[in-house]
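Student: I would like to learn how to read a structure element by element. Please take me through one.

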Amino acid sequence: MKQPELGRKVLELRQRMELTQAELAEKCNLSLRTIQRIEALEVTPRNYTVRAILSCLGYVPDELSKDSSVEDTGKRNRKKRTGRPFKYVQELFNLKHNTMKKLSVLSLFAALLFAGIFFANTSLSAQKKGMKATSESLVGVWQQIVIDHKTNTIQAYIPFLKIINSDGTYVHIQMLGGAPAFFNAAGKWKVTSDTTFLEYVEPSYGKPARTEDQTFKIEKYDFGTFMHSRFHTVGTKMEDIEEVWQKIDYYKESPKK
């Protein structure tokens with residue numbers, strides 16, 4: 001509905017309901033000036049304003065009813081489109097029609113689903129086996145050493161031992177005169193990949209607990225098994241520290257010069 005018909009209709013309905021312009025404005029939550037300008041044919045208000053006024057006056061013109069009908073139709077169409085995928089799936093499992101074709105599609109879907117689950121389980125199983133093998137390779141007693149990377153020969157044995165236990169605990173001790181002198185650190189450890197593990201260091205000597213992220217590589221030679229380790233303390237800016245450890249059956253001391 002457009003001007004001037006709209007203005008005359010608002011005036012007619014307002015007077016029929018014995019409302020003042022101020023009362024109508026308050027009832028529609030609009031300004032008095034808006035009602036005055038509409039009835040004076042000065043403005044053509046927006047559709048939602050028209051709807052609000054005519055609704056307050058108890059009047060629904062034919063064109064607004066049509067708009068509502070169109071709006072409802074749109075909602076129904078959207079609902080139909082939303083429900084289509086479910087309808088297709090439901091129809092796929094209805095084997096009364098096109099039975100062989102539907103069975104072929106369902107068989108292909110089942111095969112793809114099974115293959116996906118199989119490969120996912122295989123990958124997960126391989127990952128678990130790899131991490132288990134990594135854990136087993138770390139368990140044992142390790143002594144820190146100084147190695148000449150050019151000749152791959154041991155230059156010195158450092159009096160530090162790291163004992164990694166299979167129950168997920170470890171101890172780092174310092175030796176003195178061939179016997180344990182004191183604990184440097186102790187805590188728990190956990191493999192996170194085939195090249196990394198975490199050490200959860202328990203508080204000692206007034207120091208706070210910390211987590212050390214270890215990146216390592218184990219190499220086996222005829223003259224021993226060695227672990228090249230690089231670690232940094234999580235949550236700090238401390239640079240990576242590189243260490244070399246040898247897996248041992250007994251403690252070794254560097255010869256005195």
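Student: In what order do the elements of the protein run from the N terminus on?

Tutor: Helices (H or I, at least four residues) and strands (E, at least two) are DSSP runs, numbered from the N terminus. Here the order is α-α-α-α-α-α-β-β-β-β-β-β-β-β, which comes to 6 helices and 8 strands. This is a predicted model, in which local features need pLDDT of at least 70 and side-chain atom pairs count only at pLDDT 80 or more, while totals for chains, interfaces and linings use all residues. Residues are numbered from 1 along each chain as its sequence is written, and side-chain values use heavy atoms, with hydrogens and water left out.

Student: What do the strands build?

Tutor: Two strands pair if DSSP finds at least two bridges between them. In this model the 8 strands make a closed barrel, in the order β1-β2-β3-β4-β5-β6-β7-β8, and the pairing is antiparallel. From one strand to the next the twist averages 40 degrees; for such angles, axes are lines fitted to C-alpha atoms, for helices over the stretch in contact, and angles run from 0 to 180 degrees between N-to-C directions.

Student: How many bridges join β3 to β4?

Tutor: Antiparallel β3 and β4 are joined by 8 bridges, and V171 stands opposite A186 in β4. The hairpin between β3 and β4 has 2 residues between the strands, and G177 in its turn has a positive phi of about 65 degrees. On the β2 side, 5 bridges join strand β2 (residues 153-164) to β3, again antiparallel. There I163 stands opposite V171. The β2 and β3 hairpin has 4 residues between the strands, with G168 at a positive phi near 90 degrees.

Student: Which strands does β7 pair with, and through how many bridges?

Tutor: Strand β6 (residues 210-221) and strand β7 (residues 224-233) run antiparallel and share 10 bridges. A hairpin with 2 residues connects β6 to β7. Within this pairing, T215 has R230 as its bridge partner, and E212 stands opposite T233. The antiparallel pair of β7 and β8 has 6 bridges, with Q246 in β8 as the bridge partner of F226.

Student: Why is β7 described as largely enclosed?

Tutor: Burial is read from relative accessible area: buried means under 20%, exposed over 50%, and partly exposed in between (1.4 Å probe, protein chains only). Strand β7 is largely enclosed by the rest of the structure because 7 of its 10 residues are buried. For the protein as a whole, buried residues make up 26% of the 257 residues.

Student: Is H228 buried or partly exposed?

Tutor: H228 lies in strand β7 and counts as partly exposed, because its relative accessibility is 21%. Contact means heavy atoms within 4.5 Å. Leaving aside neighbours within four places in sequence, H228 is in contact with H149, T215, F216, K217, E219, E243 and V244. H228 and W245 are 17 residues apart in sequence, with 6.6 Å between their C-alpha atoms.

Student: How should I read the largest pocket, and what lines it?

Tutor: Rolling a probe the size of a water molecule over the atoms shows where empty space is left. On a 1 Å grid over the protein atoms alone, a cavity is a set of points where a 1.4 Å probe fits but cannot get out; a pocket is an open set with protein on both sides within 12 Å along at least five of seven lines, and lining residues have an atom within 4 Å of a point. The largest pocket holds about 300 Å³ of space, where grid points are joined across faces, edges and corners and a volume is the space filled by probe spheres set on the points. Its lining has 20 residues, and H172, N184, A185, R210 and E212 lie nearest the centre.

Student: Which strand gives the most to that lining?

Tutor: Strand β4 does, with 4 residues. At least two residues each come from β3 (169-176), β4 (179-193), β5 (196-201), β6, β7 and β8 (241-247).

Student: Where is H172 placed, and is it buried or exposed?

Tutor: H172 is in strand β3 and is buried, with a relative accessible area of 14%. Not counting residues up to four places away in sequence, H172 touches F160, L161, K162, F183, N184, A185 and W245.
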